[in-house]
Amino acid sequence: DPGANRYTSQNPNARTIQILEEMCKHYDQMQDQWRTLSYRKCISTLKKQPIKITSAKQAAALPFIGTRLADKIEEIVLTDRLRRLDSTRDDPLDVVLRLYLGVYGAGLVQANKWIQAGHRTLADLQTKAKLTESQQVGIAHYHDFNSRISRTEVEAHGALITNELQNIDPKFTATIVGSYRRGAKESGDIDMILTRPGTALSALRTTVFSVLVPRLFKIGFLKASLATSRSNDPVGTKWHGASCLPSSTVWRRMDLLLVPEEEMGAALIYFTGNDIFNRSIRLLACKKGMRLNQRGLFRDVKRERRGEKLNEWVLVEGRSERRIFEVLGVPWREPHERIC
Ligand code: DCP
Ligand code: MG
Ligand code: MN
């Protein structure tokens, strides 16, 4: 939202925002999506306020701030801290939970199982728990995967992929998306879309999985393939793993997405994010009787054939990112403006 850009540390609510952001980060780490979203909306509201919000009553009158968050805002203003945040910092089980949620591919269920089994450290997991191969890599490279990647390094990983891909077939292109495309100074991983004009997914798959990935392993750039439990796309359109620059020893998380040219626009929107922006633009599509996913923008067409009512989703646009915005009737937003 445009108002957010006006935010600086000079904002009258800067201290409140700072503490709420820490709380939000905590809920994000705990994979509590609902609370994370409530906090993000509340923070975004506060960033737009020209005056300092000092009471719960004043806060609750603002959009996206319920009574509980309003009470927390008042607590911060009065005491310069938030007890809830302090308690989670000090709670040893919260500390272990946070640690385990940082293991690649581990969700709340897995992390809690480990805690329930009496494990408390990463070494406990390595010596006493039964781990999948991905989890073993996730733990061995725990620090690597949880450290941020500079734009220069993201670009170097991207260039290596592009270079190898073009050696195989010059018509292939590789585009860096994710937080990098949104202009982030640092990223959590490297997200890339691979495509080739006029080429179907099955052919893209063959080149990437049978030629590109093995070659990149062979030159020592790719280090591990990681199975993902979160994937709900059709099998085989993405590759998750780890890569490492020749000049470095730090392993980075790398996500490759294979996309047919005619779906590029929708895939760019999806994979550029951020996730909150994706949720809101999808909701907007729904409100207009359409459906947006990573393959395209679809329109609901109700037809009747032989007395039978048929519901059919017809593709409206998939190829062009800009056209999707146009058809949805929303002004174009540059990737760096897609932060909610
Ligand atoms: N995405 C999404 N919903 C999810 C996961 C991802 O919509 N549950 C989309 C939006 C993200 C993009 O995919 O921006 C890439 O996912 P990442 O997890 O790599 O997130 P980012 O690249 O945005 O941030 P980071 O720097 O942490 O990697
Ligand atoms: Mg990313
Ligand atoms: Mn990613």
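Two strands pair if DSSP finds at least two bridges between them. The model used in these exercises is predicted.

**Exercise 1. Strand pairing around S7**

Determine which sense, parallel or antiparallel, S7 adopts with S6 and with S4.

Solution. 
- Start with strand S6 (residues 238-243): 6 bridges join S6 to S7. The two run antiparallel.
- Ala-242 has Arg-253 in S7 as its bridge partner.
- Move to strand S4 (residues 190-195). S4 and S7 pair over 5 bridges, in the parallel sense.
- Met-192 is partnered by Leu-256 in S7.

**Exercise 2. Burial of S7**

Decide whether strand S7 (residues 252-258) is enclosed or open, using its buried residues.

Solution. 
- Apply the cut-off: a residue is buried if 20 or more other C-beta atoms lie within 10 Å of its own.
- Count along the strand. In S7, 6 of the 7 residues are buried.
- Conclude: S7 is therefore largely enclosed by the rest of the structure.

**Exercise 3. Packing of H1 and H5**

Classify the crossing of helix H1 (residues 14-29) and helix H5 (residues 83-90), then describe the contact.

Solution. 
- Take the axes. They come within 10 Å and cross at roughly 45°.
- Assign the class. That angle makes H1 oblique to H5.
- List the contact residues. H1 supplies Ile-19, Glu-22, Met-23 and His-26. H5 supplies Arg-84, Leu-85 and Thr-88.
- Sort them by class. The contact has 3 nonpolar, 2 polar and 2 charged residues.

Notes. Residues are numbered from 1 along each chain as its sequence is written. Chains are lettered from A and ligands numbered from 1 in the order in which they are written. This is a predicted model: local features need pLDDT of at least 70, side-chain atom pairs count only at pLDDT 80 or more; totals for chains, interfaces and linings use all residues. Axes are lines fitted to C-alpha atoms, for helices over the stretch in contact, and angles run from 0 to 180 degrees between N-to-C directions. Helices (H or I, at least four residues) and strands (E, at least two) are DSSP runs, numbered from the N terminus. Angles under 35 degrees count as roughly parallel, over 145 as roughly antiparallel, 65 to 115 as roughly perpendicular and the rest as oblique. Two residues are in contact if their C-beta atoms, placed from the backbone, lie within 7 Å. Ala, Val, Leu, Ile, Met, Phe, Trp, Tyr, Cys and Pro count as nonpolar, Asp, Glu, Lys and Arg as charged, and the others, Gly among them, as polar. A residue is buried if 20 or more other C-beta atoms lie within 10 Å of its own, exposed if 12 or fewer, and partly exposed in between; C-beta atoms are placed from the backbone.
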